[in-house]
Amino acid sequence: MSHVYVTHRLPGERIAELGQHCDMACWPGPGLLPADALRAAVSEADGLVCLLTDRIDAGLLASAPRLRFISSLSVGLDHVDLAAATARGIAVGHTPGVLVDATADTAFALLLAAARRIAEADAFVRAGDWRPENAWSPDFFLGRDLAGATLGLVGLGAIARAVARRAAAFGMRVVGWNRSPRDVPGVEQLPLDDVLAESDFVSVHVALAPETRGLLDGERLARLRRGAVLINTARGGIVDEVALAEALASGRLGAAGLDVYEREPLAAGSPLLSAPNTVLTPHIGSATALTRRRMADLAAANALAALRGERMPHCANPEVYG
Ligand code: DGY
């Protein structure tokens, strides 16, 4: 019987069903599976069901001689060395589609929170600073309008398009850029530098890959409008965090809403923690109970197909099927 290792307890029934088709072991926790325990687990596994927090590099794959498939509970696969997996004939599954709306909601929540200073206002009330001498006035806690503003989308995949629909409902003009041009109704396509220069709000939606690492570096961030707001729910490595923190501290950028970071959890010394007008959330883009159950179901479906010797419904390296 095939041996499948699952690196975290997952919700839903389909993952339990998977256990009926293989010899399945699961990291009991608490917390995330440590790297050395992952290495020990894959050395004997035929299949792996993992999270985006499990780093699966070429070295790890070299220590997994029996491994035939990896099924990740994520749409992003920057934690997996896809080329090394393909070279070894290992099919890699992921979970696109089911997290589109939840992640678009998070992007829009960050956009609204950054535009209207929600986290700052909440902290102000809790700190007891809302006193008669420091209360409602015509210039009290002024934020930014969404209606009539321009939203620039960096990347035009499914999540970006869901954000565009939300932005249209708020009366925003939407412009966007994609690496390969893509016709999206309601979104004016522009070169990346023009998207950055024309937008009041910019939301990042490209996958992290060698071509997109550092895409929004210091030079590109300098192209943003003075006072612009940057939202990132994609991956931290796409934005230069030091340059972003500097742009916020100097007031060149007006605000930021971030859910993802170069290193997660965010290090205690990160300059983003002291950057002004910044709303920070801990990678919760797809964190709703229903979405996580759907992701677990899809991860289980990918694993089950692989166990049966069939094509995974969502395989990121279909070339392994020849
Ligand atoms: C993913 O699936 O890649 C997301 O980042 C999870 O929220």
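How many disulfides does a search of the whole structure find? The answer is zero, a disulfide being a pair of cysteine sulfur atoms within 2.5 Å. Before going on, note that this is a predicted model, in which local features need pLDDT of at least 70 and side-chain atom pairs count only at pLDDT 80 or more, while totals for chains, interfaces and linings use all residues. Residues are numbered from 1 along each chain as its sequence is written, and side-chain values use heavy atoms, with hydrogens and water left out.

C50 is buried at 1% relative accessible area, and C26 is partly exposed at 33% (buried is under 20% relative accessible area, exposed over 50%, partly exposed in between, with a 1.4 Å probe and protein chains only).

Now for the domains. The protein chain splits into domain 1 (3-98 + 289-321) and domain 2 (100-280), with bounds from an automatic or database domain assignment. Their C-alpha centres are 32 Å apart, and the contact (heavy atoms within 4.5 Å) takes six residues from domain 1 and four residues from domain 2. Together they bury about 440 Å², with 48% of that from carbon and sulfur atoms; buried area is the accessible area (1.4 Å probe) that two parts lose on being put together, summed over both. On the domain 1 side, L52, D78 and G97 supply 67% of the buried area. The two domains share one salt bridge, meaning a side-chain nitrogen of Lys or Arg within 4 Å of a carboxyl oxygen of Asp or Glu. D78 pairs with R235 in a salt bridge, their closest N and O atoms 2.8 Å apart.

What about the inside? The largest nonpolar core has 50 residues, and L10, V49, L151, L153, M172 and F201 have the most contacts inside it. Such a core is a set of buried Ala, Val, Leu, Ile, Met, Phe, Trp, Tyr and Cys residues joined through side-chain atoms within 4.5 Å. Leaving out residues up to four places away in sequence, M172 touches several residues, including F108, L151 and F201. A second, separate core of 31 residues includes L208, L224, A256 and Y261.
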